[in-house]
Amino acid sequence: MSDHSHSVVAHQFDDMPQQKETTTLAMWAFLLTEVMFFGGLFGAYTMLRNRFPEAFAVASNSLDLTLGAVNTAVLIGSSLTMALAVHAAQTNKRRQIILFLVLTIALGGVFLGIKAVEYNHKFHEHHVPGAGFHFEEVPDWVDVSRLNYDLEKATETFFSLYFAMTGLHALHMVVGVGIMLVMIWMAYRNRFSEHYYGPVEISGLYWHFVDIVWIFLFPLLYLLGRHFLLEGGH
Amino acid sequence: MSDHVVPIRVYLVIFSSLMVLTLLTVWAAFLDLPGSYNTILALSIAILKATLVILYFMHVRYSSRLTWVYAGAGFFWLVILLAFLMSDYLSRDWQRLPQGW
């Protein structure tokens with residue numbers, strides 16, 4: 001096996017630890033640009049929610065909390081199977097690498113499926129920003145006459161952010177599924193061992209990062225208006 | 001180096017904690033807390049969950065100091081982005097501007 005480990009060290013590196021450190025840092029450098037990429041949207045959300053708090057609460061409450069919470073659990077589950085796939089690679093269990101990567105893709109698919117159902121609901125409710133947008137359901141606790149902005153227009157702003165943020169996140173999931181397919185192919189070709197499992201681990205970093213983005217999207221988009229539903233909310 | 005093999009038991013404990021925290025944040029969203037405490041509580045739970053994922057699932061806890069710096073830098077800059085953005089928008093109403101004439 002030691003011969004095998006030498007053959008997978010690229011010529012610009014002295015040894016495997018140096019190669020691994022470099023690739024890990026490179027992935028983190030990419031993830032930093034991703035933090036900034038999503039950060040712009042999180043910044044826009046923060047600023048606009050501060051400007052239109054009632055509209056954001058009303059629009060947020062129209063999202064399906066159960067589906068959002070189930071999706072959060074599904075994605076956390078996929079992070080677990082991803083971590084177990086890395087563990088299997090580190091301990092020379094080739095069949096388990098493939099099994100856990102397949103489970104990761106399957107859970108990612110369930111997430112995207114549920115997301116598609118939610119998008120479909122929004123299309124039927126005319127909650128998709130654009131010419132056909134309608135948002136008529138105004139709860140009792142909102143006194144429209146006291147707002148200094150158009151409630152319906154501001155809810156459309158919320159849904160623009162909702163589709164931009166969850167859409168960009170879903171796109172990252174699709175890319176992640178593609179990466180995992182490559183990892184399965186590499187594992188099938190017996191490319192990984194306890195001496196060489198960098199690609200699985202680096203792909204895992206990406207997958208977990210996408211999970212972290214959702215960990216923040218879920219409360220921001222689905223939860224932060226819920227307490228207004230209570231009687232006499234403020 | 002992250003050659004450290006994390007025991008499966010650790011992964012399962014982290015996974016269970018993340019699930020419990022998810023239930024907790026859904027439950028907490030329906031509490032009638034004053035002011036912006038609902039937001040603060042929800043974001044605190046989200047930050048705790050993200051920290052668990054970064055430290056254990058992403059192996060940062062077992063990685064080199066330089067990896068810690070890389071991982072920390074992104075979130076540090078994100079905090080700067082949000083803090084300076086809101087220091088502008090939140091303070092706009094604090095002083096009444098003279099009316100035009």
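Where is Gln96(A) found? Gln96(A) sits in helix 5 of chain A, and a few other spots deserve a look too.

Before the points, some ground rules. This is a predicted model, in which local features need pLDDT of at least 70 and side-chain atom pairs count only at pLDDT 80 or more, while totals for chains, interfaces and linings use all residues. Residues are numbered from 1 along each chain as its sequence is written, and chains are lettered from A and ligands numbered from 1 in the order in which they are written.

1. Starting with Gln96(A): this residue is partly exposed, with 16 other C-beta atoms within 10 Å. (Buried takes 20 or more other C-beta atoms within 10 Å of a residue's own, exposed 12 or fewer, and partly exposed is in between; C-beta atoms are placed from the backbone.) Gln96(A) and Val86(A) are 10 residues apart in sequence, and their C-alpha atoms are 9.6 Å apart in space. Helices here are DSSP runs of H or I with at least four residues, numbered from the N terminus.

2. Now the contact between the chains. Chain A puts in 39 residues and chain B 44 residues, where two residues are in contact if their C-beta atoms, placed from the backbone, lie within 7 Å. On the side of chain A that touches chain B, helix 2 (16-51), helix 4 and helix 7 of chain A each supply at least two residues. Helix 2 of chain A gives the most, with 16 residues. By type, that side of chain A divides into 23 nonpolar, 12 polar and 4 charged. (Ala, Val, Leu, Ile, Met, Phe, Trp, Tyr, Cys and Pro count as nonpolar, Asp, Glu, Lys and Arg as charged, and the others, Gly among them, as polar.)

3. For one residue of helix 2 of chain A, take Thr46(A). Thr46(A) touches Leu82(B), Leu85(B) and Met86(B), leaving aside residues up to four places away in sequence. Thr46(A) counts as partly exposed, having 17 C-beta neighbours inside 10 Å. C-alpha to C-alpha, Thr46(A) and Leu220(A) are 9.3 Å apart in space, although 174 residues apart in sequence.

4. (The expected span is 1.5 Å times one less than the number of residues.) Buried in helix 1 of chain B are Tyr11(B), Ile14(B), Phe15(B), Leu18(B), Thr22(B), Thr25(B), Val26(B) and Ala28(B). They cover an arc of only 165° around the axis, which puts them on the same side of helix 1 of chain B; the arc is that of the directions from the helix axis to the C-beta atoms. On the other side of this helix, Arg9(B), Ser16(B), Val20(B), Leu23(B) and Trp27(B) are exposed.

5. What covers the buried residues of helix 1 of chain B? The cover includes helix 4 (65-90) and helix 7 (198-223) of chain A, together with helix 2 (37-57) of chain B.

6. Next, how helix 4 of chain A meets helix 1 of chain B. Their axes come within 10 Å and cross at roughly 170°, so the two helices are roughly antiparallel to each other. (Axes are lines fitted to C-alpha atoms, for helices over the stretch in contact, with angles from 0 to 180 degrees between N-to-C directions; over 145 degrees counts as roughly antiparallel.) The residues of this contact divide into 12 nonpolar, 3 polar and no charged.

7. Helix 3 of chain A (residues 53-61) has 7 of its 9 residues buried, so it is largely enclosed by the rest of the structure. Among them are Glu54(A), Phe56(A) and Ser60(A). The buried residues of helix 3 of chain A pack against helix 2, helix 6 (151-188) and helix 7 of chain A.

8. Last, some backbone checks. Asn92(A), in the loop between helix 4 and helix 5 of chain A, has phi near 65°, a positive value in a residue other than glycine. His126(A), in the loop between helix 5 and helix 6 of chain A, has a positive phi of about 60° although it is not a glycine. His126(A) counts as exposed, with 12 C-beta neighbours inside 10 Å.

Terms used:
Parallel < 35°, antiparallel > 145°, perpendicular 65-115°, else oblique.
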